[in-house]
Amino acid sequence: MPGKSETVDFGNFQLAKISGIKFEDLNGNGTKDQGEPGLSNWWIELDSNNNWSNVEYLSETDADGRYIFSDLEAGTYRIREQQKPGWTQTTANPTDIVIQSGSDVKDVDFGNFQDVTVIGCKFDTENDPIKGWEISVGGQTKTTGEDGCVGFSLTQAGNYDITEETRSGWTPASATGYNFDAFSGGEYGPFNFVNFENTTVQLCKVDAEGDPVEGWKVYLNDKEKTTDARGCASYEITQPGEYIATEESRPDWTALGETSYKFFAESDGSYGPYVFTNFQHAKITGYKFNDLDGDGVWDDGEPPIENWL
């Protein structure tokens, strides 16, 4: 009709974007620090109806770890990463994102820490592997295998101590613990623990008839002991190396065999007993007398004779 006017409006929605980066969190602190690289070929998921069984959008990270979702309509979106074995997410899951016209949501980042590998090994002083020895790191304790080694996987960065069990009868011949800083994807070790399995040796003293001699001084590398009623003294050996066993000398005894022994001690070796044999000097005494009556018997009143050879 003449003179009638109308208002005709046009509304437009500018499609939105969500972007971010997937990075390796080398120090596991949940923040992208300088020098921490992007991770390529990871899938990022975007869901608009909270129905993860049918994810509406997927974006794969590029060579720099970047991803982008474009052409998004209005709505509330939830974004997550697809997990990979051997990796732990260090950043919190983002809160739901409300998209409006022209939204350009940036820096929705995901950080991940790659599991760390740690190896500990146990050997004796002859470098033979020891099976069944406990080694601990990061709250985990495992036992060594046939090769003397055991592996651990750590899922967090940090400062760690790796230690070994202690056992009676064994003496450490190396460090009993090591400290290291773990970073994403690191491989640490092998950390070698070396022990000497203690052994004993007996030094014994007998006379020429094979009877034990008590109270005789014997020495192992100058460490003095005295033989007991069995004629022996026992030593515990706690370190590998060369040892020399010796005995005291006495003026009224003559050695009938070795007066020293030398041996090289190895872990769990068997040594001795090392026996020292001596002859105790004997004495013969008597008198020379004037047999006045010639009866061959020293009778009372028969005088001794001096200076007779």
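These notebook entries record what I looked up in the structure.

**Ground rules.** I am working from a predicted model, in which local features need pLDDT of at least 70 and side-chain atom pairs count only at pLDDT 80 or more, while totals for chains, interfaces and linings use all residues. I number residues from 1 along each chain as its sequence is written, and for side-chain values I use heavy atoms, with hydrogens and water left out.

**Disulfides.** I looked for disulfides, taken as pairs of cysteine sulfur atoms within 2.5 Å, and by this rule I count two. Counting bonded cysteines along the chain, I note the pattern 1-2, 3-4.

I find one of them between Cys121 and Cys149, with the sulfur atoms 1.9 Å apart. Cys121 lies in strand β10 (residues 116-124) and Cys149 in strand β13 (residues 149-154), so this pair ties together parts that are 28 residues apart in sequence; strands here are DSSP runs of E, at least two residues long, numbered from the N terminus. I note that this link is right-handed, with 105° about the S-S bond between Cys121 and Cys149. Cys121 counts as buried because its relative accessibility is 3%, where buried means under 20% relative accessible area with a 1.4 Å probe, protein chains only.

I then turned to Cys204 and Cys232, which a disulfide joins at an S to S distance of 2.0 Å. Cys204 lies in strand β18 and Cys232 in strand β21, so the pair ties together parts that are 28 residues apart in sequence. Both Cys204 and Cys232 are buried, and Cys204 stands opposite Cys232 in β21.

**The sheet around β18.** I traced an open sheet of four strands in the order β21-β18-β25-β23, with mixed pairing, where two strands pair if DSSP finds at least two bridges between them. Its edge strands are β21 (232-237) and β23 (253-255), each of which pairs on one side only. Strand β18 (residues 199-207) and β21 run antiparallel and are joined by six bridges.

**Two single residues.** I looked up Asn195, which lies in strand β17 (residues 187-197) and counts as buried because its relative accessibility is 3%. Leaving aside neighbours within four places in sequence, I find Asn195 in contact (heavy atoms within 4.5 Å) with residues including Trp133, Trp170 and Ser267.

Thr91 sits in the loop between β6 (87-89) and β7 (97-99) and, at 12% relative accessibility, also counts as buried. I note that the Thr91 side chain reaches the backbone nitrogen of Gly111 at 3.0 Å.

Terms used. Buried < 20%, exposed > 50% of the residue type's maximum accessible area, 1.4 Å probe, protein only. Polar contact = N/O pair within 3.5 Å; in protein donor to acceptor, adjacent residues only side chain to side chain.
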